[in-house]
Amino acid sequence: MPNIFEGVSLSGVSSAVTILVAVLVVQQSALPGCHGSKSAERLYIKLTDGYENTIRPISNVSQIINITFGLSISQLIDIDERNQIMTTSVWVKHKWHDYQLEWNPDDFDGLTLIHIPIATLWWPDILLYNNADGPYNVEFLTNALVSWNGEVNWVPPAIYKSSCKINIAFFPFDEQKCIMKFGSWTHDGLTLDLVAMDDFVGQEDYWENGEWDIVESPVERHAIKYPCCEEIYIDITFSFILHRKALFYVVTLVIPCLLISFLTMLVFYLPSDACEKITLSISILLALIVFLLLISEIIPPTSTSLPLIGRYMLFTMSLVTISIIATVIVINVHFRNSKTHIMPRWVRVVFIETLPKFLHMERPQRQTLLMQARMRQRASRSHQQEDGHSNGYYDRRFMKAAAKYMVNTITPSLLEEVEGREQNKSHMNIDNDLPQEYQEALASLQFITNHLKAEDEEDASSEDWKYVALVIDRVLLWIFLIVCIVGTGAILLNSPVIWEKKGVHNTPPLTKPILVDSVTYGEYSV
């Protein structure tokens, strides 16, 4: 290998090296901030040289290292009621003292703070005890801020999925309490102590959730002795008191259920002749079943408690079931007559003479009712007459037409005459003096009169039963109205959140970040 310095004197090489070093020194002295970077480099080498990050930073083995621990929530990502998991994005705040990281700022050009990767230093093994899924500890290892007096500040971001017991007793007007329990996994209270940084969870950079409001977030410190160990372990528990924003559920669940429940009363306002009372009741029952299936997809499948909206639906379903039974009874009463049933005296007294007065129901006059019933019968006979004519039954048509003519031409005075003759027949035997054709006509009129009396009695009995059914419908209408209103108020307004007064929860004052300056480098256009 050839020697590149062959022929060059040693004094010449040393002179060139001296000149090069002088030029580099001049350039470094001319660069701004170069002294600070050099000082930081020297400080970093001093602090990390020979540093053991697996040993607790204490000067005495019996000394307890104090960790000031805090939490600041940036986003409540989700509350999974079915799986009972709370997902949060937080900043985990750590602060402790490390005697090995102390220095004199005067020795390093007044440098009082330095950034050191946390993996280089010792940090406490604080984990989330009630973790439900994902990592237990912090995954993103950011730099730690180390002060000249040995104080270490480490605030890494993290996303946790913690277990949260969901109480659905007052859903959707419910209040939930979810906790996040942090503690050291290996160090007991004699080697590591936890102290709460604040009395509440910080919300300086919190993005509000669309479904939940954080009304309170207290912090508690616990010293617990577990059955497995003799030592006492310290933990810091952060509680989140959450109120659900119920507007979505009110619009999609509560109001439809409320309207369906009030539809139950219309069953008793619908006339029995419409023959749609049972159909309406069953349709309402099917609608409630569909809503109950919809709720089962939202709330967690637990048997510990029944949600408030579920109780209201069961209440409404019971009303609909009772209304179906009552409707069957009302229809049965409506179509009764003297041929099938005899009206008891107490039914007449209660439902015809007494209750209509209290219900402000006025019944038409009896003569009007009979005339209406007779007109319906005549209309029915007229339709039957037309059907008989189309089928060719001329004899039957003639007989019915004759009967119709006789019935329509009987005057009230003639009816009174026939009735008077019937009453005085036993006292006055004048019928024998009349000709045979007159006697036959009077006998026919007597038959017609008796037939009309029987029809009037049957119509009166039928109208009485229909009126009893109408009164029962009106009574059930008022009963269901009162029960529906009282039941709705007693169930839906039973949630403590609705009656909670302002100031019950200790909500801390929040200081939001202040925008100092903003520069826009481009225009946003839609």
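The model is predicted, so bear the confidence cut-offs in mind: local features need pLDDT of at least 70, side-chain atom pairs count only at pLDDT 80 or more, and totals for chains, interfaces and linings use all residues. Residues are numbered from 1 along each chain as its sequence is written, and side-chain values use heavy atoms, with hydrogens and water left out.

Let's start with the overall picture. The protein chain has 10 helices and 13 strands; these are DSSP runs numbered from the N terminus, with helices being H or I of at least four residues and strands being E of at least two. Of its 526 residues, 36% are buried, where buried means under 20% relative accessible area, exposed over 50% and partly exposed in between, using a 1.4 Å probe and protein chains only. Among contacts between residues at least 6 apart in sequence, 77% join residues at least 24 apart; a contact here means heavy atoms within 4.5 Å.

Now to the rings. The structure holds 13 aromatic pairs. Rings of Phe, Tyr and Trp (its six-membered ring) pair if their centres lie within 6.5 Å, and planes under 30 degrees apart count as stacked, over 60 as edge-to-face and the rest as tilted. Phe-182 and Phe-238 are edge-to-face because their planes stand at 75°, with the ring centres 5.9 Å apart. This pair links distant parts of the chain, from Phe-182 in strand E9 (residues 175-184) to Phe-238 in strand E13 (residues 232-244), 56 residues apart. Both Phe-182 and Phe-238 are buried, and together with Phe-69 and Tyr-160 they form one aromatic cluster.

A tilted pair is made by Phe-268 and Phe-480, at 4.8 Å centre to centre and 45° between the planes. Here the link runs from the loop between helix H3 (247-266) and helix H4 (277-296), which holds Phe-268, to Phe-480 in helix H10 (residues 436-492), 212 residues apart. Phe-268 and Phe-480 are buried as well.

The structure holds 1 disulfide, defined as a pair of cysteine sulfur atoms within 2.5 Å. It joins Cys-164 to Cys-178, S to S 1.8 Å, and is left-handed, with -65° about the S-S bond. Cys-164 lies in the loop between strand E8 (157-163) and E9, while Cys-178 is in strand E9, so the link ties together parts 14 residues apart in sequence. Both cysteines, Cys-164 and Cys-178, are buried. The loop between E8 and E9 also holds Pro-172, and the peptide bond from Phe-171 to Pro-172 is cis, with omega near 5°.

Helix H3 deserves a look too. A kink of about 30° lies at Val-254, shortly before the proline Pro-256; the bend at a residue is the angle between axes fitted to the seven residues ending there and the seven starting there. Among the buried residues of H3 are Val-254, Pro-256 and Cys-257, and Cys-257 has a relative accessible area of 0%.

Finally, turn to two loops. Asp-109 has a positive phi of about 55° although it is not a glycine. Asp-109 sits between strand E2 (85-102) and strand E3 (113-117) and counts as exposed at 54% relative accessibility. His-360, also not a glycine, has a positive phi of about 60°. His-360 is in the loop between helix H6 (345-358) and helix H7 (366-391), and is exposed, with a relative accessible area of 72%.
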